[in-house]
Amino acid sequence: MTPDQKRHDQLTTAPNATEADAAPRVDVTEHDGVTRVDVAENAAVRPGPGPGMPEADGETESD
């Protein structure tokens, strides 16, 4: 099995798992020896505060 196949197998083996669970969540690119890892635009889960959190809405505690 390739590493991608192993990852897919691990992420879809759990009960109630779906194909969406195995969807890539990061984009990895390399240019001139520099590796860049970005959160995929279509990732269901993203780092940082979620919607409705003051930090996500651009508000501060003093607002």
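**Close-up views of a predicted model**

A search of the whole structure, a predicted model, finds 1 salt bridge.

**View 1. The salt bridge joins the side chains of Arg36 and Asp38.** The N to O distance in this contact is 2.7 Å. Side chains of opposite charge can pair when their charged atoms come close. Arg36 is exposed, its relative accessible area being 51%. Asp38, by contrast, counts as partly exposed, with a relative accessibility of 28%. Asp38 is also the bridge partner, in β2, of Asp27.

**View 2. Strands β1 and β2 pair in the antiparallel sense.** Strand β1 spans residues 26-31, and its pairing with β2 runs over 6 bridges. Among the paired positions are Asp27 and, in β2, Asp38. Strand β2 covers residues 34-39. Of its 6 residues the number buried is 0, so strand β2 lies largely in the open. Burial here would require under 20% relative accessible area. In a regular strand the side chains alternate between the two faces of the sheet.

**View 3. Val26, Val28 and Val37 make a nonpolar surface patch.** The area of this patch is about 260 Å². Val37 is placed in strand β2. With a relative accessible area of 54%, Val37 is exposed.

**View 4. Asp32 takes a positive phi in the hairpin of β1 and β2.** The hairpin has 2 residues between its strands, and Asp32 is found in the loop that lies there. Phi of Asp32 is about 55°, although this residue is not a glycine. Most residues other than glycine have a negative phi. Asp32 is exposed, and its relative accessible area is 70%.

**View 5. Asn16 has a positive phi in the loop between α1 and β1.** Helix α1 comprises residues 3-12, and Asn16 lies in the loop between this helix and β1. The phi value of Asn16 is near 70°, positive in a residue other than glycine. At 76% relative accessibility, Asn16 counts as exposed. A positive phi is likewise found at Asp32, in the loop between β1 and β2.

Notes: Residues numbered from 1 in each chain as written. Predicted model: local features only at pLDDT ≥ 70, side-chain atom pairs only at ≥ 80, totals over all residues. Heavy atoms only, no water. Buried < 20%, exposed > 50% of the residue type's maximum accessible area, 1.4 Å probe, protein only. Helix = DSSP H or I, 4+ residues; strand = E, 2+ residues; numbered from the N terminus. Pairing = 2+ DSSP bridges. Salt bridge = Lys/Arg side-chain N within 4 Å of Asp/Glu carboxyl O. Patch = residues over 30% accessible without salt bridge, like charges linked within 9 Å, V, L, I, M, F, W, Y side chains within 5 Å. Areas by Shrake-Rupley, 256 points an atom, 1.4 Å probe, with all protein chains shown as cover.
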